[in-house]
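Subject: Structure handover

Hi there,

Here is the structure I promised to pass on to you. Could you take a look when you have a moment?

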Amino acid sequence: MPILHDLELNRRDLMVGGGTLAALTAVPAVVQAQPSPAGAPALTKVSLTVNGQSHDLEIDIRTTLLDALRERLHLTGSKKGCDHGQCGACTVLIDGRRVNSCLTLAIMNEGMEITTIEGLGTPENLHPMQEAFIKHDGYQCGYCTPGQICSGVAVLGEIKAGIPSHVTPDLTQPVTLSDAEIRERMSGNICRCGAYSNIVEAMTEVAGRQG
Amino acid sequence: MKFDKPETTNPIDQLKVVGQPVNRVDGPLKVTGAATYAYEWHDPHARLAYGYPVGSTIAKGRIASMDLSRARTAPGVVAIVTAKEAGQLGKGSRNTATLLGGPEVEHYHQAIAVVVAETFEQARAAAALVHVTYEEAEGRFDLTAEKDGLGPTESDVKVGEFETAFAEAAVRLDETYTTPDQSHAMMEPHASLAAWDGDKLTIWTSNQMIAWSVGDVAKTLKIPPANVRVISPYIGGGFGSKLFVRSDMILAALGSRAAGRPVKIALPRPFLMNNTTHRPATIQRIRIGAGRDGRITAIAHEGWSGNLPDGDPENAVDQTKLLYAGAHRLTGNRLATLDLPEGNAMRAPGEAPGLMALEIAMDEMAERLGLDPIEFRVINDTQVDPGNPARPFSHRQLVECLRVGAGRFGWAARDARPGTARDGRWLKGIGVAAGFRNNLTMKSGARVRLDRRGVVTVETDMTDIGTGSYTIIAQTAAEMMGLPIERISVRLGDSSFPVSAGSGGQWGANSATAGVYAACVKLRETVAQRLGFNSKDAVFADGEVRSGDRRVSLAQAASDGELVVEDTIEFGNLKKTHQQSTFAAHFVEVAVDAATAETRVRRMLSVCAAGRILNPKTARSQVIGAMTMGVGGALMEELAVDTRRGFFVNHDLAGYEVPVHADIPHQEVIFLDEVDPMSSPMKAKGVGELGLCGVGAAVANAVYNATGIRVRSYPITLDKLITQLPGAS
Amino acid sequence: MRAFTYERATSPVQAAAAAAANPDAKFIAGGTNLLDLMKLEIETPAHLIDVNGLGLDTIEATSEGGLRIGALVRNTDLAADERVRRDYGVLSRAILAGASGQLRNRATTAGNLLQRTRCPYFYDTAQPCNKRQPGSGCSAIGGFSRQLGIVGTSEACIATNPSDMAVAMRVLDATVETVKPDATTRRIPVAEFHRLPGDTPQIETVLERGEFITAVTLPAPVGGKHLYRKVRDRASYAFALVSVAAVIQQDGTGRIAVGGVAHKPWRVEAAESELPRGAKVAAERLLAGATPTHENAFKVPLVERTLGSVLDEARS
């Protein structure tokens, strides 16, 4: 006998009456059914500062920073590898800190300085980290590369700023640069081509030049 | 150009550019984010719409009903295509399951609809409103359960009398090994942008084999191949997952046709692991019999795997026909029908899982014989095809790989008694395995243009999936035409270019550059003729053509207009008369936490003998990348099968773990000096898959050396060690 | 992702009131978990209240000699704080063992406490899951459960809490401070903050509707050796199979909590009194009544051995 599957319907029906707990909130177990505020997506005006340039956009509120960069500003250097914070290809710098741009809404980043790979350097005017990636062949297919480079730049800054990592031997001592520190801190950027060994060499060279 | 005789001297042998560790010519674009991948072609597509797939949520059965009404009226929706709207579709010759399912469902997350909307956000939201009911059918999802009673897929390959020789052998091994389903997990999801111009379709996509794609898109959509153009200049990794047309291409094309505008679609990561292909799991039984002198007398390798109806087995036994000597041999595959997603090629299909098993077996056998595992392999080296001794290897340096590696890695310091080396809380161990992968060659074409600036442009539908094709092709053309590499422009991945070997099976580098070589030979002849030189004694160097006292700039040949020539390399019988293979020795040191059994790799070395290395920098990257994938396969990668519901449960990059930076130490690669004139005019062979073949077993053997625990079931996770570790309760 | 409306909160009380007024509202801070789940329609809020502008991002000394950590202090900043590194090393270590640098830069203290499970069946909306869809059943039981819980589980749910930070907070006896829509505040010991699944696995904490976390406080430092050992298949950027947070005094007494085994950070005070007798006895107490699946039974010896290793390290 065939088994009928209708989970989607069940789920929706239950969600209306059952409610779930949020990641950041406390909605009680039983909630009132209420019409959604709008069938149509809410559009909103957003002002983003990217690579020193200000952009005014009208976007669907649901737009992530990554999709705003890629689909609206056509800054496609930031890559979508997983869209769930599991790969690091979308890494950009926000106010100097590296962030997964797929897990933040564009609208949450108004007033912040966003730097993408395009803002670090261009083919004609490469950032030292970009140069080092070429020299040490710190990439293969190139898809994770912008994220690796944004992360790489930020990681050297984090080490300089004394931010500890999982492999920092003593939390009460200053943080020092090492291969192990680089590897641990870069672990949020997956490279399936497996250029890791070369990326460490590229970063070490840049760190050495920075002194 | 036909390649059917061993190559003598040719201009490539100058090695002014070829063989040099040249930086990637596409590097500046890749490191600045300026290289354009499939989903990023905005400029020509102002009215772009976004597609989002809907996947089956059962593994096998029929769609009973599909309610599109809520999705159709959702904001921004332009079109929805299901199998019903799509009409009769064909199936690509290289696809096992159909790419748009319905009403029949063949596997979990098989695409059953595409929703097209004005924005990505709208398409994604509307896709969730498609409401489907199913009539679920019983499926088969458990390879172990299906294994018994399966006969050979094709007849077993037998040499001599294996059963008798094995029974009589003084020392015997009979063990079974398993490898799990694995996911390619390339960083760029499958993505396509499709645009119709009348009945002509252009697809910007991410694909390794352009001409295959043209053919299979045409076949699927039932349109003439001449009406299909496929463009794929940058590919964010493939590893076999993008050898074939996948649902993104077909859904984009159908969505675009329905919407009447260009449509792009990227497969969402949590969807693509069940939607696309994977490396099938294997069960492998290996039997080895040897004399007390260590000589193998009998060797058998049987492999079990599963696939959808009409799918192929994972051929894990093939290398065992060739890797070691032994008079009596048996190899064969057995294939179960499984209703899991489609199994298909992943980097080094066959050899990768095959050597994961065989090279543990060799380690075990060496121990039973009381031999060093390197010596055991050396004793059983063969310079001829053991199944056909009249057929020699074109070049085989396995022994040299092992010897050089042993010296470099400090093998002599290894204590063969397991569990004896300790570093604080870590148990240390060293392991070795042989690497082997056949050298495949494929017909490959290229077009070369010389313009009046003296720039040579190469056009071929070859792809660069991270392998370095752009760079080695530029090197080849530069060497042939006597130009600096800056004067070479390379255009790849477009079906309007000559058909190439494409990227797969580690045949790409050698075959595609040989095609460029052939075209450049033709261009040299044309140039010489145009400039009034005898092409036989014309020398192409430093941007000039020279003969005797006469020298003319190369650009001069194109002063009356661009010179354009095209040629294709075709391979003759040399692979029949000579077995062409690539060899490696992989060395690994691991540390296993004595308490938790976590295994971490500390050192890695691969020594490769793979013909001429066209670019040591990019070739080395291929090998370290493969070594990294080998670590993943050894220690963590496994698609977990839910055998009740028939799907891979851990279908995202958090659940399916691949190695991260912290898992990989500094890696060392040595290429042995080798040129193989039997392989191609380039005298090169493939290396990108060789780097993976055997690595997993080297890790496994190192874990054994560290702990004394022999794990025959990959991945070697801590749960398989912890109850056997010293001090375990 | 379903459509939603969006507002920026102006004060904690206003945020709480806004959340109470709209039953489908969620707070969003770092967003690293919520947006992940919204894309899959596992979370489907109709309204988002962005609390990032509320400050609450400082770490201050308390009059009791402890620390008051603002709800919006980012994980990176909490782990890097000199006082935390010196006096609450287990907390720094636990945070640094989790996620990636990028995620820690955005993830907040409160958000980390509210992370939802990584059970793969919770993440696949086509599969029955009592936590996501109450009453639909638990696919993990009898399914792929290697990563899942072994203690405090129920027939309805065997999910684990994925947080590393929370395990350290538990061993440090932290307290969660909240404000309610009516502006009243309350202090919830972290021990009571997370719930076991029972037959309502969808209810994960004791927070009430609209109740908003403003801070987490740590009592005065207790000294001792602070250790956090996270065991996982890959070396980084992975959730724990098992983790052990420990604060061990010179005399061998101390506190331990375990992650990766239950629906909440797992601490059994009765097990701690056995610490001087060694890991085996302590682990037996800790995991008394454990009901592992066939696939995750290895976590039982793993907890014991990891604990033993941590105690060895504390002694060295």
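This is a predicted model: local features need pLDDT of at least 70, side-chain atom pairs count only at pLDDT 80 or more; totals for chains, interfaces and linings use all residues.

Below are the notes I made on the chains, their contacts and a few backbone details.

First, the conventions. Residues are numbered from 1 along each chain as its sequence is written, and chains are lettered from A and ligands numbered from 1 in the order in which they are written.

**Confidence**

Over residues 1-38 of chain A, pLDDT stays under 50. For that stretch the model has 104 contacts (heavy atoms within 4.5 Å) beyond four places in sequence.

**Interfaces of chain A**

Between chain C and chain A, 77 residues of chain C touch 69 residues of chain A. The two chains bury about 5,900 Å² between them, 55% of it on carbon and sulfur atoms; buried area is the accessible area (1.4 Å probe) that two parts lose on being put together, summed over both. On the chain C side, C:R85, C:Q102 and C:R106 lose the most area to chain A, together 13% of what that side buries.

The contact of chain B with chain A takes 72 residues from chain B and 65 residues from chain A. Here the buried area is about 5,500 Å², with 56% given by carbon and sulfur atoms. B:V31, B:M187 and B:H661 supply 16% of the area that chain B buries against chain A, more than any other three residues.

**Helix pairs**

Helices here are DSSP runs (H or I, at least four residues) and strands are E runs of at least two, numbered from the N terminus. Axes are lines fitted to C-alpha atoms, for helices over the stretch in contact, and angles run from 0 to 180 degrees between N-to-C directions.

A:Y196, A:S197 and A:N198 of α7(A) meet B:R620, B:S621, B:I624 and B:T628 of α16(B). By class, that gives 2 nonpolar, 4 polar and 1 charged residues, where Ala, Val, Leu, Ile, Met, Phe, Trp, Tyr, Cys and Pro count as nonpolar, Asp, Glu, Lys and Arg as charged, and the others, Gly among them, as polar.

Within chain A, α7(A) also pairs with α5 (residues 145-160), the axes coming within 11 Å and crossing at roughly 50°. That makes α5(A) oblique to α7(A); angles under 35 degrees count as roughly parallel, over 145 as roughly antiparallel, 65 to 115 as roughly perpendicular and the rest as oblique. The residues of this contact divide into 7 nonpolar, 3 polar and 1 charged.

**Backbone details**

Most residues other than glycine have a negative phi, and most peptide bonds are trans. In chain B, the bond from B:G102 to B:P103 is cis, with omega near -5°, and B:P103 lies in the loop between α3 (83-86) and β5 (104-105). Another cis peptide bond joins B:Y714 and B:P715, with omega about -10°; B:P715 sits in the segment after α17 (695-707) of chain B. In chain C, C:E41 has a positive phi, near 60°, and is found in the loop between α2 (34-39) and β3 (47-50).

Best wishes

Methods: Side-chain values use heavy atoms; hydrogens and water are left out. pLDDT is the predictor's confidence in each residue, from 0 to 100.
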